[in-house]
Amino acid sequence: QPQLVESGGGLVQPGGFLTLSCTVSGLSLDEYAIGWFRQAPGKEREVVSCMSATGASTNYLNSVKDRFTISRDIGKNTVYLRMGSLKPEDTAVYYCAATLVICESDLSEYEHWGRGTQVTVSS
């Protein structure tokens, strides 16, 4: 059974940095696209970034472009989300999820989800 486990969340001051990790087991990163999502209280879950199975294609939510970077280490079965210049509006639970091959805009296409990690941006 595939598993995805997020880590790296925490409390950070505005303008700070955090790197989230999504470690996967039971599936191959060169077969699955991995997306990062977030859900703030009272809001719908939204896609933040995604990397395709080949690694050649990445995309970002407009509000995080130039601040967040998605990357991966296939040898470690891990996908990272480096977040910089953090703002209070980035506060949310961050999830990673997997879907076959290409990134999807429809969250229901993602078959496997992690449990999430809390990111709080506050002074």
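This is a predicted model: local features need pLDDT of at least 70, side-chain atom pairs count only at pLDDT 80 or more; totals for chains, interfaces and linings use all residues.
C50 lies in strand β5, residues 46-51, and C103 in the loop between β9 and β10 (112-113), so the pair ties together parts that are 53 residues apart in sequence.

Residues are numbered from 1 along each chain as its sequence is written, and side-chain values use heavy atoms, with hydrogens and water left out.

The structure holds two disulfides, and the other one joins C22 and C96, whose sulfur atoms are 2.1 Å apart. Here the S-S torsion is about 75°, so the disulfide of C22 and C96 is right-handed. C22 sits in strand β3 (residues 18-25) and C96 in strand β9 (residues 92-100), so this pair links parts 74 residues apart in sequence.

Are these cysteines buried or exposed? C22 counts as buried at 0% relative accessibility, and C96 is buried with a relative accessible area of 0%, where buried means under 20%, exposed over 50% and partly exposed in between, with a 1.4 Å probe and protein chains only.

As for the whole chain, there are zero helices and 11 strands, helices being DSSP runs of H or I with at least four residues and strands runs of E with at least two, numbered from the N terminus.

Definitions and conventions. A disulfide is a pair of cysteine sulfur atoms within 2.5 Å.
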